[in-house]
Amino acid sequence: MRIIILFAASAFSFASVTASAQTFGPPIQGLCLLSRNGAIAASRAGQSMQAQLKQMQGALSGDLARQRSSIDQQRRTLEARQNSTAPIEYQRQVSALNQQAQSIEQQQNLRFISAQTRGQQQIDQALNTALGRMVTKANCSVVLERDNSYGWNNAMDITPAVTREMDALLQSVALQ
């Protein structure tokens with residue numbers, strides 16, 4: 001089911017990458033490191049979104065299963081009447097049921113993707129605001145993605161501070 005795949009991909013993108021940081025020499029003034037995925041995954045809003053997406057995915061899967069069951073019942077009824085139905089009419093009805101099933105799945109996927117996008121936009125806005133504040137506080141001249149580093153001095157890692165700022169700005173997301 002595509003919704004499950006999308007949810008799994010979404011959950012993977014928020015998985016906190018716990019890199020083992022070794023302290024590599026003294027901190028470099030003005031150089032800051034941020035784990036975007038780590039900040040989002042550790043934030044209350046990121047956790048809120050993941051919980052809501054999981055709940056939504058379950059509800060959509062259940063709804064989709066019920067609707068598929070109804071279509072399958074219609075298909076079985078149609079198959080039982082196949083001998084008494086003209087072949088062209090039978091094929092037309094089978095095609096209509098197949099289109100209906102495909103349309104339902106596409107609608108469910110669009111609802112999930114739309115909700116995920118709304119939540120991600122809220123989180124991105126909070127992250128950008130929090131990062132802006134921390135760049136000013138930490139006097140960062142440049143911010144690099146921490147997860148692409150082999151090691152760093154923890155004094156340059158602003159991820160925990162950005163996460164705290166995000167939590168102050170946004171506790172949860174509204175997907176609906």
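Which residues have the most contacts inside the largest nonpolar core?

1. Basis. This is a predicted model; local features need pLDDT of at least 70, side-chain atom pairs count only at pLDDT 80 or more, and totals for chains, interfaces and linings use all residues. Residues are numbered from 1 along each chain as its sequence is written, and side-chain values use heavy atoms, with hydrogens and water left out.

2. Main core. I123, I158, V162, M166 and V173 have the most contacts inside the largest nonpolar core, which has 25 residues. Such a core is a set of buried Ala, Val, Leu, Ile, Met, Phe, Trp, Tyr and Cys residues joined through side-chain atoms within 4.5 Å. Buried means under 20% relative accessible area (1.4 Å probe, protein chains only).

3. Contributors. β1 (31-34), α2 (36-42), α3 (44-80), α4 and α5 each give two or more residues to this core. The largest share, eight residues, comes from α4. Helices (H or I, at least four residues) and strands (E, at least two) are DSSP runs, numbered from the N terminus.

4. Second core. A separate core of seven residues includes I71, Y90, L97 and I104.

5. V162. Leaving aside neighbours within four places in sequence, V162 is in contact (heavy atoms within 4.5 Å) with L34, A39, L127, A130, L131 and M134.

6. Helix pair. The axes of α4 (residues 87-138) and α5 (residues 159-169) come within 8 Å and cross at roughly 125°. Axes are lines fitted to C-alpha atoms over the stretch in contact, with angles from 0 to 180 degrees between N-to-C directions.

7. Interface. Residues of α4, including I123, L127 and M134, meet A161, V162, E165, M166 and L169 in α5.

Note on methods: Buried < 20%, exposed > 50% of the residue type's maximum accessible area, 1.4 Å probe, protein only.
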